[in-house]
Amino acid sequence: MEEYGKVLLIAMPLFLVLIILEKMYGYYKKVDYAPYMDSVASISSGMTNVTKSVLGLSVAIISYSWMVEHLAIYTLKSSFLVYAVAFIVIDFQGYWVHRWSHKINLFWNRHVIHHSSEEFNLSCALRQSISSIFGLFTFLLLPAALLGIPSRVIAVLLPIQLFLQFWYHTRYIGKLGFLENILVTPSHHRVHHAINKEYIDKNLSQIFIFWDKWFGTFQEELKQVPPVYGISRPARTWNPFKINFQHLWLLIQDAWRAENWNDKLKIWFMPTGWRPDGFEEKYPIAKIENAYDFQKFGTQNSTALTNWAIVQMLVTLLLMSYFFGNIGNVGLLGIYLYGIFIFVSIFSYTELMDKNRYAWIFETIRFSFGALLIYQFGNWFGIDELIPFGTQIVTFFFILSLLGSFYFTQVEFKNNASFQAIRDKYT
């Protein structure tokens, strides 16, 4: 936990700086592809993912260490060769995990969050899953295990391979010449995130594009077909927890409603989007039929709500950074309590971003939980040793957040609803 937390302390500021630079470049070019609410939601999703990772909330069905110990038939000697082969094997595994996540109903739930943004920018790279509790695909690392590549090499390269997928989530970089034949580029990945019928389920590679070319899933970005981003069954929420489990909830409902056991079982492993016969008519779900004609979610927000969301995200990010930097001093119980607090915080302010009139309830839960933690530990996890009056500052933020939530839900949202009702009546 502690080592991963320290790595994230380096990676997170770098990602945030690059996201800000992309936003500034958009202002300079007078073409903004990173709306504030979308970026806040994406960064918040990334925060839930890394918190889950630090807490170790996942289980590998077959561990790589076990495979090396029991299946290795050779041991690579050269350190450079070890890392090079391991990286290629990891990328090979990534391609197939990614492909199955797009093609199989159950596995789509672990990946849908990444495609849920209706924009395409650096921040949406951070939309990563918290629903993948079980690591099912370690067996794809078998070639590395057979060669006796140590588990510590895999542990080092896995986050590096993931972080290297960040840079190509942008619309500001065009095609890159000969690199288009070797690496996944922004052009390739724009295709991957598009919902145009020409582009769906294409370009599934993560670092090396030749996997797509070898296995028949490559599609070049076409000038006459500008990509449109999102998912065909739009999430219609900024809340990452809801997005993470929307598809799973649909599968559970359809499995329950199915009249025969064959449908109840096969729905989980059928191609993504499959439903039993007649369900689209009996239990319709909002779906984008025309990629060029739909209303993006959450585009109308007051300046006050937008700024409030940014502040909430930044302060929560600071609290999370403090957590990662001091994880060795927090204690095991404190680690999980702090992680739960981060989850509750993100759930609360993203519900407010959704203009949920009952968001004040979640903020009250967050406030009460935070106050209980301070009461239980005597301060905010030792913050007073680093920052004078640190606990008082944190407490003040909790109070301010609670008051802000009441303002938006009881004043702004109600006033906006009244105005909308009047406008609808006379238009």
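These questions and answers cover helix packing, aromatic pairs and one histidine in a predicted model.

Q: How are H2 and H14 oriented to each other?
A: Helix H2 spans residues 36–55 and helix H14 spans residues 303–325. They pack at an angle of about 20°, with their axes 10 Å apart. Angles under 35 degrees count as roughly parallel. H2 and H14 are therefore roughly parallel.

Q: In which hand does H2 pass H14?
A: The residues in contact include Met37, Val40 and Ile43 in H2, and Leu305, Ala309 and Ile310 in H14. By class, this contact has 16 nonpolar, 4 polar and no charged residues. The crossing of H2 past H14 is left-handed.

Q: How many charged residues are in the contact of H4 with H8?
A: H4 passes H8 in a right-handed crossing. H4 contributes Val82, Tyr83, Ala86, Phe87, Ile90, Asp91 and Gln93, while H8 contributes Val153, Ile154, Leu157, Leu158 and Gln161. Asp counts as charged. The contact divides into 9 nonpolar and 2 polar residues, and the charged count is 1.

Q: What class of aromatic pair do Phe341 and Phe398 form?
A: The structure holds 40 aromatic pairs. In the pair of Phe341 and Phe398, the centres are 5.4 Å apart and the planes are at 55°. Planes under 30 degrees apart count as stacked and over 60 as edge-to-face. The pair of Phe341 and Phe398 is tilted.

Q: How many residues apart are Phe341 and Phe398?
A: Both residues are buried. Ring pairs also link them into a cluster with others, including Tyr338, Phe369 and Trp380. Phe341 is in helix H16 and Phe398 is in helix H18, distant parts of the chain. Their separation is 57 residues.

Q: Is His169 buried or exposed?
A: His169 is found in the loop between helix H8 and helix H9. Residues that His169 touches include Glu22, His114, His189 and His193. Buried means under 20% relative accessible area. The relative accessible area of His169 is 2%, so His169 is buried.

Q: How far apart in space are His169 and Phe343?
A: In sequence, His169 and Phe343 are 174 residues apart. In space, C-alpha to C-alpha, the distance is 25 Å.

Key:
Residues numbered from 1 in each chain as written. Predicted model: local features only at pLDDT ≥ 70, side-chain atom pairs only at ≥ 80, totals over all residues. Heavy atoms only, no water. Axes fitted to C-alpha atoms, helices over the stretch in contact; angles between N-to-C directions. Helix = DSSP H or I, 4+ residues; strand = E, 2+ residues; numbered from the N terminus. Parallel < 35°, antiparallel > 145°, perpendicular 65-115°, else oblique. Left-handed = near helix turned anticlockwise from the far one by under 90°. Contact = heavy atoms within 4.5 Å. Phe/Tyr/Trp six-rings, centres within 6.5 Å; stacked < 30°, edge-to-face > 60°. Buried < 20%, exposed > 50% of the residue type's maximum accessible area, 1.4 Å probe, protein only. Lists of a residue's contacts leave out its neighbours within four places in sequence.
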